[in-house]
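Me: I would like to learn how to read domains, helix packing and a chain interface. Please take them in turn.

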Amino acid sequence: MALLQISEPGMSAAPHQHKLAIGIDLGTTNSLVATVFSGMSKVLQDEHGHALLPSVVRYLPSGEVVVGHEAQAQQSADPVNTVVSVKRFMGRSLKDIADRAHIPYHFVDSADTTKHLQIQTRAGLRTPIEISAEILKTLKARAEKSLGGELTGAVITVPAYFDDAQRQATKDAARLAGLNVLRLLNEPTAAAVAYGLDNAAEGTFVIYDLGGGTFDVSILKLTKGVFEVLATNGDSALGGDDFDHRIYCWVLDEIRTKVRESHGHFNPLNEQDTRLLLTKSRQAKEWLTDNHEAQITCRLSDGSFVDVTLTATQFLELTQHLVTKTLSPTLKAMRDANLGIEDIKGVVLVGGATRMPQVRHAVEDYFQQTPLTNLDPDKVVALGAAIQANALVGNRSEEDLLLLDVTPLSLGLETMGGLVEKIIPRNSTLPVARAQDFTTYKDGQTAMSIQVLQGERELVADCRSLARFELRGIPPMAAGAARIRVTFQVDADGLLSVSAREQTSGIEANVVVKPSYGLTEDEITQMLKSSFGSAETDKKSRMLAEARVSAGAIIQSVKLALAADSNLISDVEKLAIEAEILKLEAIAKTEDAAAINKAVDSLNHATEAFAAARMNASVSRALAGKNLDEVNL
Amino acid sequence: MTQNYFELFALEAKFNIELQTLETNFRKIQAEVHPDRFVTAPAPEKIKFMHLATLANEAYQTLKHPATRAKYLLELQGISAISETNTAMPTDFLMQQMEWREVLENGIAEKEVDTLENLIQEIKVEVKSLQLQLIELFDVKKDFTSATDVTRKLIFMAKVSEDIKHAIERLD
């Protein structure tokens, strides 16, 4: 009788072994984690049965950090040290934040105004990236606990309309949380995947996603497992929070009026009162989804009592302009996709804020059809992210999933006169690369400053500056004689890298666009170090676990490739690769993370020629009507 | 490896291509080469396929749009449709251009989105007739000199249409 084989922990024996992959919806208001269990995408719950983790982080006097419901419960009592809606600050500097007066945090802007903002808490200065990492750590722990193993990786969702700085910040947060980011996935695309696969939908669909702090609209063409984004648009500073804020301002006005009528004195609100009233406002908004009026009652810190009633009609009037504000991006996306409303087969509503009746009505009026709401608007993004994560790590799904997403905003360079020269237009399918040649302005010019911008406006001042770098050592030539080729590459995460090369001399400058808003590599290393703290052994075992997981993933990937395509290379080349695999498998059993990583590099190197051969074969195979599934057998 | 964009999608190098085939073959290729297929792959494979996926996107966009497709067909013949020595335009076409530009400027000044939308439609009709000419010139007569002139017109018209779209967007 054949014995069952059991592999070394962390190492995969069979090429088709199920790998643990999760999808995370890192939301403004709530965050979720989901995974695929035996073909079904499911949201993971905490030990109290909660699926939604409030995106609230509190720094306790004890030095402890709490995340979620517990932190949320204390937000009015300890507003300065309890950060809510931190997503709104991701990749932003202080000057980007409107309505700062109504946000109860002690912001600290760095001396360099283009750098990311920080929040002063009792635990010290914290960047939004670090605060988001706390949320991600909590979700990671939840997933590891319920799945019982080391995660191969995670798909993290971001608003489609997030710019490069915001995406980079999200990726940095995931790294800080110790997650291997498989992909940054746009939230509406994730929702489309969950919806499309669930309903076997085909045709052109609109995803209208109004979350806590961001609005996205994406138009997708769905055909047999292919999700092609035709256009996307949005507003990365518009969401349910703004509706709360309108109610909050209305309550303040009511209080002021009452005080004036009684000839009293209006005391300015302190931080606790601000947070309390914002919380009450959010509750009133939610109540009005199913009721005609909401009563807002609370006692302020000066002892005065607030008791006001907001009717659904009043709420509608207060927020009409916000609803209207979502329609302009919608119209733009429809125009970019070259479509009319008659081309739209369905409109899927995503995000908790789409529960508001006025939002539903506006969407219904615009598209002349009843929007689709059969999936939980709070969960659909996480469910889609899990499906994508499962596919990315190579766990078999019934259908082969292909997501073709786009870049939401145009990318360009500063040219003479403060104007932007667009290099990559918005809605270009990813990955995309474009090059543009520039020349010198003066005789003998040896350096050139290159500013990378993102946005749709013509003036540099109206676009977001992502990075500025200098190309030096250009050989002195007459003005206009040098040929500087600047190449933009946007990867499947929507992240940009830029390189510049002087064509006649070959002088080169490469920049991964680490926006000034993000963290430097040094800062990340430092933060990772300090978060491991004194627990040196913990750090070691974590690094070892990570090295083993990545070794396992690569071995599996190469084995699959060999099983499919070893005919493309000579026996000698094949043996060389197999030798490297055996070496890596042996080293992965040791405790030496550095040696494992070195062996991974070595295996990488050995597969160079094989990769080239596979690339050449892939195109002809694609069009010969076979796909990898069939070949793999 | 394939030699040009048409071969990449197993299409004959001509102006009148089957767009449905282009789309289907584009998707088949992306299904094999997209970065999502290589998330756990060794670095060399990741990089190579990333470049191939980028190329497939570029090729697809180039062939999908008539103006860029025509320009690319000329490039395959070693002809640059828009070069410094190749900008002569017939007077009547230039007049037409000026007329459209005038309507565009007026539309912007008067904030008349409808006028601009109509202009796009008018240009679309012209574009259609140029495309018919290009089928004849590229695919039947193989008259690349005349095709260059028509292609240049097509490129100019695509540019005007883009400008109108931007203007409409700013008026919204």
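Reply: Domain bounds come from an automatic or database domain assignment. Here chain B is divided into domain 1 (5–64) and domain 2 (91–171). Their centres, taken over C-alpha atoms, are separated by 29 Å. This is a predicted model: local features need pLDDT of at least 70, side-chain atom pairs count only at pLDDT 80 or more, and totals for chains, interfaces and linings use all residues. Residues are numbered from 1 along each chain as its sequence is written, with chains lettered from A and ligands numbered from 1 in the order in which they are written.

Me: At what angle do α5 and α7 of chain B pack?

Reply: Two packed helices are described by the angle between their axes and the distance between the axes. In chain B, α5 (residues 91–110) and α7 (residues 144–171) pack at about 5 degrees, with axes 11 Å apart. That makes α5(B) roughly parallel to α7(B) (angles under 35 degrees).

Me: Which residues of α5(B) and α7(B) meet?

Reply: Contact means C-beta atoms, placed from the backbone, within 7 Å. From α5(B), the residues include F93(B), W100(B) and L104(B); from α7(B), they include F156(B), V160(B) and I164(B).

Me: How many residues of chain A are in contact with chain B?

Reply: On the chain A side there are 39, in contact with 31 residues of chain B. The largest share of the chain A side, eleven residues, comes from α14(A).

Key. Axes fitted to C-alpha atoms, helices over the stretch in contact; angles between N-to-C directions. Helix = DSSP H or I, 4+ residues; strand = E, 2+ residues; numbered from the N terminus. Parallel < 35°, antiparallel > 145°, perpendicular 65-115°, else oblique. Contact = placed C-beta atoms within 7 Å.
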